[in-house]
Every structure is written in structure tokens, then in C-alpha cells.
Amino acid sequence: MRGLLSFYRGLYTLSNRQARRKAGIVGSRCGLCGTPSTSKPQPGFGLLFDIDGVLVRGRLPIPAAKKAFEKLVDSQGQFVVPVVFVTNAGNCLRQTKADQLSHILGVPITQDQVIMSHSPLRMFKKFHDKCVLVSGQGPVLEIAKNLGFKNVMSIDMLRESYPLLDMVDHNRRPKLPVRFCNPVQKLDVIYHIQKHMLISLLSFQSNPIVTLSKVEAVILFGEPVRWETNLQLIIDILLTNGNLSSVHQTQKMPHLPLLACNMDLMWMAEAHSPRFGHGTFLVCLENIYKKITGKDLKYEALMGKPSELTYHFAEYLIRSQAMQRQWKLPVTSLYAIGDNLMTDIYGANLYNRYLEERAARKNPKAVAKMVAATGSTAAVPREEEMDSLWESELALPSATSCKSVLVCTGVYNPKAEVPSDANRCIKETVFHGHRDFRFDPALVEPGHIVQDVLEAVDLIFEQEKFVPQ
């Protein structure tokens, strides 16, 4: 994990210049550069924007988005407050997403303002030298190598090396070209081909067409195109401990390390209703694994919203922007604007809870109250237990709150029916979060609900009494 700070600082100058050129903004300064002005108000807050359902729907920009960002930059194209885009998308590089946003919003966006669901994988350096299998779509090999992984294998590479493993689509099964003289000969040949395939199945597996390294970990970037292929080969890898020349070992535990990015069950595109997201793919994988083995699938790490790690990473980038602009006020408040209760709102509220608990540990009165309530100091976590490795890498947060703002232009539907039976478990009716995240009704309760992102920006400026010049 060491070296992230210098890495991100080193990217600022180059990426700012590139983003400015690609955005086509007139003015002499980029969005994050410049010296402080005593006449301009300095913000003590930062904004975290979701993208899908907040700024765009599919490839179509939401009209309110451009108007909102006109209020967030000055006449020189510089941001008047620190801004980070936090998306659970994982099918492209950060620079690619920054370029797309610059084009859509008409303001210069750098890759240092973008967090993809896979961005925190930079910190998992213990896997960077291992042979990893990656699943998803888009330039997955390039993404993995950009994150620091040196020995990467795709699902397609695996499938080409072991052609008899992907059997759901009959049209993709291996074929042997044969010319038949008559129907009797045709039936005889088919019989012998089937017999040969059955006898040769194990030899095909033990002697792959292309020799590949043994897989040591699996990384799931996002939903793939061919779910049946990815599900089959990932299960094969997990049940053979990365060695596809062997048979399934359903009782072998633990399985290979599994790291997953993006837990969105659904997301909002151009359609009227939400579409399946990577969280739906994970549900399929988890249930297939459990059905076969009788055991729960285990994750080494889950990244993307609502993970606290993602928000801590975002807060670090907000602080870095404030330092670049030489704003003197510490960033004490974060506002997370999103359209999904189960990821955006849950994640923001979870991080806010973390910030509150961290502040409480530093408050002697709060600690004393906790001790009085429990009757023991053992219930009070020690500082060193809470300040984990990733906290040390990104530096401890300066923010004391993370407030959630829900917009109605995406997944959230303000007109949805509320269950009439109050005795029904709320978890069964509203919780679409990942299996490994505990449900808490308070965490899916937004701090504010507004119509769109423009109203969100207006509300936040009013809350902070901030008047940009």
C-alpha cells in the first residue's frame, strides 16, 4: 500500500492539463489548479457525486446535471468546491471515465476526481504478483495491469485454453468437421465422436491447448457479457483450487481468494425500470457455489459503494484537492449525492457512522459514557485497532460527517408502493444490499430527498451558507 500518496500527487499536474484540453473549456486555469484568493469564499465541505442515475442515464445526460455544474465552477473553469465522482462502474479506466464526464458536463475533470469500483485494488499489493483471473467486460486486462497486477488472465483466455469447459451455448462447443457419405455412416461417425469426446474429456482438461499459469486469486470487476460462461469457469477455478486439470473438490476449504468490485443489485440506464447490476451476478455465483458445496462463498474483500474503504478513499481525494487549491479551511463535511438507497445512501450513512464513532473515541465524555454503559473499558476500541492499514496509507480523515442526499432521477422511485402490512420484515421488502452487509433501517434513510442534482447542489450551498463568486 505504501507509495499511494506520492503516486496520486504526481498525477495531478499531467491529468489536470489533459482534462482541460479534452473538456474544451475557455480559460487559463484547470479545474483544480490555482492560487487561493482572499476575496473568494473557501469551502469547508466536499461533494461526492454518483454518476448513473444522478448525472446520466445510460449514455444520455440528465438535463439538471450540466446546470448544476455551471454553479460548481467559476469563470475560469475552476471548481469552487472539491468534487469527486464515486461510481460503481468498473468497465473502464479512470482516465476514460474522466474524459466522458468532461464531455458530458462541459467542465474539466481529471482522473484524480474519479473513483471506480476497482480503484481501491491499488492497495491490495499482496496480490499484485500473483496470477489472477479477472472477470468483467471492457479492457479488463488493461484495467488490472493499470491497478498494479502483473500476471493477469481473462475468462476468454481460460476458455480458449480449455474448450470443453464452456458447454451451455451449443453453438460455442468444439466442433469436428466431417463429411458424411450416407445417413448410416453419419450415425456411426456421431456415435464414435461422442464416445471419443467422453474418453478424451479428462485428457483435454489435463492437456490444455495453451499452457496457462495456475490461478491464485479471482477478481470480479463487474457484470460480464456471457454470464453462463463466467459463472461456470469461476466455479471451476474455485472448486479445483486454480488447477483446471483436476476434478472438482467440493469439500476443500478455504477456496482461492475472491475479490469483488461493485455490489449494485440494479442500476438505472435509459429503460424505465432498473437493470441488473454486478450485485445480481454475485447473487448467482454465491447461490451456485452454496448449492454445489453446501458452504457460503467467502470474499477476501468487497469494494465499491457501500464499502467504507471507498468513501475513505474519496475523502482522501477531496482533501488532496483542497490542498492543491491551497484552501485553508479543513474539509469537515462531506455530501454524497446518489440515486440508490442500497449503495449511495447506505454507504454514505455507514461512513458517517464511522466518522461519528471515531470522533466519540476521542471525546473523554463519550468514552466515559460508553464505559458506564458497559461496565468495562474492554468495550471501548483502542485507536490502534481502528486505524487499519488502509487508513494509515490514506491518512486519517479530517471530515466529521458524511451527509446523504437522494435524487429521484435514477433507481429510487418516490412513487413506489409502501407495503400495507407493517408487520412484514422491512429487510424482505426494501433491502437489496449485498449478503455480507448487515441491514439497518437507519442506514437507508437519506438525510435529504430532492428532485435532481441541481436541487441537491442548491440545498448543499444553502446548508453550508456558501455563496460562490
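Close-up 1. V134 stands opposite I219 of strand β8. This is a predicted model, and the legends here take you through it one view at a time. Strand β6, which covers residues 131-135, pairs with strand β8, residues 217-220, in the parallel sense, and four bridges join the two. Both belong to an open sheet of five strands, ordered β7-β6-β8-β9-β12 with parallel pairing. At its edges are β7 (151-154) and β12 (301-303), each of which pairs on one side only. On average, neighbouring strands of this sheet are turned by 20° against each other, direction ignored. Helix α7 lies across β6 and β8, and runs at about 155° to β8.

**Close-up 2. Helix α7 meets helix α8.** Here we stay with α7 (residues 227-239), now packed with α8 (residues 278-293) at an angle of about 45°, their axes 11 Å apart. The two helices are therefore oblique to each other, and their crossing is right-handed. On the α7 side, the contact is made by W227, N230, L231, I234, I235, L238 and L239. On the α8 side, look for T280, F281, C284, L285, I288, Y289, I292 and T293. Sorted by class, this contact of α7 with α8 has 12 nonpolar residues, three polar ones and no charged ones.

Close-up 3. Strand β14, residues 401-407, pairs with β15 in the parallel sense over three bridges. Within this pairing, V407 has V450 of β15 as its bridge partner.

**Close-up 4. Helix α9 crosses helix α10.** The α10 helix (residues 341-361) returns in this view, together with α9 (residues 308-324): their axes come within 9 Å and cross at roughly 75°. The pair is therefore roughly perpendicular. From α9, the residues E308, Y311, H312 and E315 meet T343, D344, G347, A348, L350, Y351 and Y354 of α10. By class, the α9 and α10 contact has five nonpolar, three polar and three charged residues.

**Close-up 5. Helices α2 and α15 side by side.** How do α2 and α15 lie relative to each other, and within what distance do their axes come? The axes of α2 (residues 63-70) and α15 (residues 453-464) come within 7 Å and cross at roughly 30°. That angle makes α2 roughly parallel to α15. In the contact, A64, A65, K67 and A68 of α2 meet V453, L454 and V457 of α15. The classes here are six nonpolar residues, no polar ones and one charged residue.

**Close-up 6. A cluster of aromatic rings.** To finish, turn to the aromatic side chains. One aromatic cluster is formed by F45, Y335, F461 and F466. In the structure, 11 aromatic pairs are found.

How values were computed:
Residues numbered from 1 in each chain as written. Predicted model: local features only at pLDDT ≥ 70, side-chain atom pairs only at ≥ 80, totals over all residues. Heavy atoms only, no water. Phe/Tyr/Trp six-rings, centres within 6.5 Å; stacked < 30°, edge-to-face > 60°. Axes fitted to C-alpha atoms, helices over the stretch in contact; angles between N-to-C directions. Parallel < 35°, antiparallel > 145°, perpendicular 65-115°, else oblique. Left-handed = near helix turned anticlockwise from the far one by under 90°. Contact = heavy atoms within 4.5 Å. Nonpolar A, V, L, I, M, F, W, Y, C, P; charged D, E, K, R; others polar. Pairing = 2+ DSSP bridges.
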